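Please load the model in a viewer and keep the selection panel at hand.

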Amino acid sequence: MAKRLSYLLLVCLMLPITAAIAQATDTARVVNEVVQQQNTETGPVNEFFRSNNKIYVAVGILVIIFTCIILYLVRLDRRIGKLEKEN
Amino acid sequence: MIKVPVIGNNQQAARSIFFHLPMWMSMYTLFTISVVNSVWYLATNDLRRDVRASSSASVGVLFGVMGFFTGMLWATYTWGGTIVNDPKQMTTAIALTIYMAYLVLRLSFTDLDKRARVSAIFNVFAFALLIPLTYIIPRMVESLHPGSASSPGFSSQDTAGTIKMVLWPAFIGWTLLGIWIYTLRARYKRLVLKNILHG
């Protein structure tokens, strides 16, 4: 389980690297264009994160951190539980 | 809630800095603990050092992944893309991949001493790459991250006083949380290897 999860994470991180290297272009210009385009984009998720001066971006970040820590601790808890059963 | 300067299209999302940055500080601390223990293991051949090195690297990766994901979300609504062509984001992804390779490398051994020795050497190389990749190279080129191509953001004049006032305690707090999770994991691993470590 741990092995499979590690491989999955490895692949997940390698994909953006290859994608980023593949598109070597003028960073600032491209980002400006995309930002401009996205600021006018609509869609429920996009509108939600941009509402109230983008405060929900900070909220989303807190949710990510909370979820990651809890998942890690739950995994550790399960392992300790397994150890307790063995003894 | 403190007042943060509103610059450009960052708006209130600027508050994300209070959570995004401490992740990296915590990660650096944990990886430093890890490499110190790895070198210590190579010097003494004490398996308990290897347990500490691998535990702190594992928790360091957790914090690195959290920092990366929070950065991805932040970038989506300020830079206009989840993965943009930012040197810091790219090099961080490379550095994190190296550390994940360390964890995967450890899983590929059955012999404890061999695993400890090879992964300790790998860890030293990983740390030697981490600092230039995430700290030096992004400062030499143009980046979307603030503080690039100049001195580090939090020690120069770039960061507003109110932000610093919250950031420093946040660094300490998150780093201590990281160290606490690392000690929990190290204690668990020591229990698993109890018979070998004290036998």
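In which helix of chain A is the place of A:Tyr56? Select this residue in the predicted model: A:Tyr56 lies in helix H3 of chain A. Because A:Tyr56 has 18 C-beta neighbours inside 10 Å, it counts as partly exposed; the cut-off for a buried residue is 20 or more. Apart from neighbours within four places in sequence, A:Tyr56 is in contact with A:Phe48, A:Phe49 and A:Ser51.

Next, display chain B as a whole. Its secondary structure consists of six helices and zero strands. Of the 199 residues in chain B, 45% are buried. Among its contacts between residues at least 6 apart in sequence, 75% join residues at least 24 apart.

Now select helix H5 of chain B, residues 161–192. This helix of 32 residues reaches 47 Å from its first C-alpha to its last, close to the 46 Å expected at 1.5 Å a residue. Its buried residues are B:Ile163, B:Trp174, B:Gly178, B:Ile181, B:Tyr182, B:Arg185 and B:Ala186. What do the buried residues of H5(B) pack against? Their partners are helix H3 (44–86) of chain A, together with helices H1 (17–44) and H2 of chain B.

The crossing is right-handed. On the H1(B) side, the residues in contact include B:Ile17, B:Phe18, B:Leu21 and B:Pro22; on the H5(B) side, they include B:Ile163, B:Trp174, B:Gly178 and B:Tyr182. By class, this contact has 14 nonpolar, four polar and no charged residues.

Finally, select H2(B), residues 47–78, and H3(B), residues 87–107. These helices pack at an angle of about 150 degrees, with their axes 10 Å apart, and their crossing is left-handed. Among the residues of H2(B) that meet H3(B) are B:Gly60, B:Gly64, B:Phe68 and B:Gly71. H3(B) contributes, among others, B:Leu96, B:Tyr99, B:Tyr102 and B:Arg106. Classified by type, the contact of H2(B) with H3(B) has 10 nonpolar, seven polar and one charged residues.

How values were computed:
Residues are numbered from 1 along each chain as its sequence is written. Chains are lettered from A and ligands numbered from 1 in the order in which they are written. This is a predicted model: local features need pLDDT of at least 70, side-chain atom pairs count only at pLDDT 80 or more; totals for chains, interfaces and linings use all residues. Axes are lines fitted to C-alpha atoms, for helices over the stretch in contact, and angles run from 0 to 180 degrees between N-to-C directions. Helices (H or I, at least four residues) and strands (E, at least two) are DSSP runs, numbered from the N terminus. A crossing is left-handed if the near helix is turned anticlockwise from the far one by less than a right angle, and right-handed if clockwise. Two residues are in contact if their C-beta atoms, placed from the backbone, lie within 7 Å. Ala, Val, Leu, Ile, Met, Phe, Trp, Tyr, Cys and Pro count as nonpolar, Asp, Glu, Lys and Arg as charged, and the others, Gly among them, as polar. A residue is buried if 20 or more other C-beta atoms lie within 10 Å of its own, exposed if 12 or fewer, and partly exposed in between; C-beta atoms are placed from the backbone. The expected span of a helix is 1.5 Å times one less than its number of residues.
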